[in-house]
Structure formats: structure tokens, C-alpha cells
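Student: Can you walk me through this fold? I'd like the layout, then the packing.

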Amino acid sequence: MLFCIGYRPFCMANKHGCTGKAVKMASVVFTFEENKITAHIAGEIDHHAAAALRLEIDERIISATPKKLVFDMASVSFMDSSGVGLILGRKRLLESFGGVTVITAVKSAVQRMIILSGLQAMLEGQEEIKKEVNV
């Protein structure tokens, strides 16, 4: 296996269904407003990316102790169950000191995972998705 900083590991021998192409892991950029942090996430959120994002987001939450955390998913092209765990873990962390967590700008590629996991209750400003599953 080869590893590149900022990239998901891939297998040169094409074992385990690997394509042999490096795919850019998710990245996060933060914006801060009074008592609110917005995590603008881009790329694919899989097991490898979720671990790195978790550390970075937790560091910001702990240092700033915001009342609101917003996951801006506008640039997320893929998310598996690791992304769901990432969101739920940060939600619990924020709730431990009275904060709330919301998700915005979900694209169709991620929408199904949001609905299947029950996270649609955390969506902000996307009423069409909430109505689709009768939330």
C-alpha cells in the first residue's frame, strides 16, 4: 500500500477492488461568527477522511466552545457511514456544553445517506428533503 499525505491510500496491485488512483480526501475550512463555527467540508468523507476531519473539527470546537456548529456539505461528493459517525460525534460533543449542530447544503450524492441515517432532522434550510421522508 502507498500513502500520500492528503490522499486516501490505494493499492498498486489492484487488490481489494482498488482502482490504483489516488482520490483527494475531504478537507475542511472553518468560518467563525459570534458563537458559531461553520465547517465547510469538501471532497469525499470515508473512513480515512473522517478520522482526520474528526481531529481537526474537535480541536476547533474545544478551543472556541461555540453554541452552534454548521456542517456545510455543499462540496461533499461522497459520504459513507463514517461521515454519519463524524457528524453524530460532533453533535454529542456540542450538546455536552449546550450547543446545537446543523447540516446545510446537502447535495444529492449525500442526501440518501443523510435520510437513511436519520440525520435529516438536523438539516437546516432544506425543507424539501424533510418533507420527502415526512419529518
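Student: What are the ground rules here?

Tutor: This is a predicted model, where local features need pLDDT of at least 70, side-chain atom pairs count only at pLDDT 80 or more, and totals for chains, interfaces and linings use all residues. Residues are numbered from 1 along each chain as its sequence is written, and side-chain values use heavy atoms, with hydrogens and water left out.

Student: How many helices and strands does the chain have?

Tutor: There are four helices and four strands, in the order β-β-α-β-α-β-α-α from the N terminus. Helices (H or I, at least four residues) and strands (E, at least two) are DSSP runs, numbered from the N terminus.

Student: What order do the strands take in the sheet?

Tutor: The sheet is open, with order 1-2-3-4 and mixed pairing; two strands pair if DSSP finds at least two bridges between them. Strand 1 (27–33) and strand 4 are the edges, each pairing on one side only. Strand 1 and strand 2 run antiparallel, joined by seven bridges, and E33 has K36 of strand 2 as its bridge partner.

Student: Which strands does helix 1 touch?

Tutor: Helix 1 packs on the sheet against strand 1, strand 2 and strand 3, and its direction makes about 175° with that of strand 2. Axes are lines fitted to C-alpha atoms, for helices over the stretch in contact, and angles run from 0 to 180 degrees between N-to-C directions. Contact means heavy atoms within 4.5 Å.

Student: And where does helix 2 lie?

Tutor: Helix 2 lies across strand 2, strand 3 and strand 4, at about 175° to strand 3. Its buried residues include V84, L86, I87 and L94, and the buried set also packs against helix 1 (47–64) and helix 3 (108–117). Buried means under 20% relative accessible area, with a 1.4 Å probe and protein chains only.

Student: What sits at the start of helix 2?

Tutor: A side-chain oxygen of D80 comes to within 2.9 Å of the backbone nitrogen of S82.

Student: Switching to the core: which residues have the most contacts inside it?

Tutor: In the largest nonpolar core, of 29 residues, they are I41, I45, M73, M79 and I103. Such a core is a set of buried Ala, Val, Leu, Ile, Met, Phe, Trp, Tyr and Cys residues joined through side-chain atoms within 4.5 Å.

Student: What does M73 touch?

Tutor: Leaving aside neighbours within four places in sequence, the contacts of M73 include I41, I45, I87, I103 and V110.

Definitions and conventions. Buried < 20%, exposed > 50% of the residue type's maximum accessible area, 1.4 Å probe, protein only. Polar contact = N/O pair within 3.5 Å; in protein donor to acceptor, adjacent residues only side chain to side chain.
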